[in-house]
Amino acid sequence: MRLNLIAFLVPDYDPAIAFFRALDFSLVTDEDRGGGKRWVVMRPSDGGSDLLIARAVDDQRAAIGQQAGGRVGFFLTSTDFAADAARLEAAGAVFEEAPRHEEYGIVAVFRDPWGNRWDLIQPAQA
């Protein structure tokens, strides 16, 4: 088995598509499902699990930005930390801290425009 799709709750589809496109994710699918619902799949340019951009409705709205219960729930791997951090900030992400140099690489926590916490990690050279 392989994990290939993760639901990502947002208030609306188009701002999420724009955010992830700014991070060089590609729009794989955007299908109208009727009643205001769409099947929207975004894929990271260098691989990994796809994101199903899901517009939250009703009680689901409370989970926007809290999908991991306040923990870092998403992880992006970078080969150029500074350039990717700048791209994230330009797209609307906010870093909670300055980059840290750990034994495993450079890392910093940021929040996406909806409040979810992510790690941006540039692994140490092997």
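User: In which element is isoleucine 106 found, and what makes a stretch of residues a strand?

Analyst: Isoleucine 106 has its place in strand 8, which covers residues 105-111. A strand is a DSSP run of E with at least two residues, whereas a helix is a run of H or I with at least four residues, and both are numbered from the N terminus. This is a predicted model, in which local features need pLDDT of at least 70 and side-chain atom pairs count only at pLDDT 80 or more, while totals for chains, interfaces and linings use all residues. Residues are numbered from 1 along each chain as its sequence is written, and side-chain values use heavy atoms, with hydrogens and water left out.

User: Why does isoleucine 106 count as buried?

Analyst: Its relative accessibility is 18%, and a residue is called buried under 20% relative accessible area, exposed over 50% and partly exposed in between, with a 1.4 Å probe and protein chains only.

User: Which residues is isoleucine 106 in contact with, if its neighbours within four places in sequence are left aside?

Analyst: Contact means heavy atoms within 4.5 Å, and by that rule isoleucine 106 touches Phe81, Pro99, Arg100, His101, Leu120, Ile121 and Gln122. As for phenylalanine 74, which is 32 residues away along the chain, its C-alpha atom is 16 Å from that of isoleucine 106.

User: How do you know that strand 8 and strand 9 pair?

Analyst: Two strands pair if DSSP finds at least two bridges between them, and seven bridges join strand 8 to strand 9, which run antiparallel. One of the partners can be named, with phenylalanine 110 bridged to tryptophan 118 in strand 9. The two strands form a hairpin with five residues between them, in which glycine 115 takes a positive phi near 100°.

User: What makes strand 9 mostly covered, and which other strand pairs with strand 9?

Analyst: Five of the seven residues of strand 9 (residues 117-123) are buried. Strand 9 also pairs with strand 5 (residues 72-77), in the parallel sense and over five bridges, and there phenylalanine 75 stands opposite aspartate 119.

User: Where is threonine 29, and why is threonine 29 called buried?

Analyst: Threonine 29 belongs to strand 2, and its relative accessible area of 17% is under the cut-off for a buried residue, so the word applies. Beyond its neighbours within four places in sequence, threonine 29 is in contact with Trp39, Val40 and Val41.

User: How many bridges join strand 2 to strand 3, and which turn residue of their hairpin has a positive phi?

Analyst: Seven bridges join strand 2 (residues 26-34) to strand 3 (residues 37-43), and the two run antiparallel. Glycine 34 has lysine 37 in strand 3 as its bridge partner. The hairpin has two residues between its strands, and glycine 35 in the turn has a positive phi of about 65°.

User: Are aspartate 24 and aspartate 58 exposed or partly exposed, and why?

Analyst: Aspartate 24, in the loop between helix 1 (13-22) and strand 2, has a relative accessible area of 42%, so it is partly exposed. Aspartate 58, in the loop between strand 4 and strand 5, reaches 61% and therefore counts as exposed. Each has a positive phi in a residue other than glycine, near 75° for aspartate 24 and near 50° for aspartate 58.

User: Why does the radius of gyration of the protein agree with that of a compact globule?

Analyst: The radius is taken over C-alpha atoms, and the globule rule is 2.2 Å times the number of residues to the power 0.38. With 126 residues, a compact globule would be near 14 Å, and the protein has 15 Å, which agrees. Along its principal axes the C-alpha trace spans about 50 × 30 × 25 Å, and 38% of the residues count as buried.
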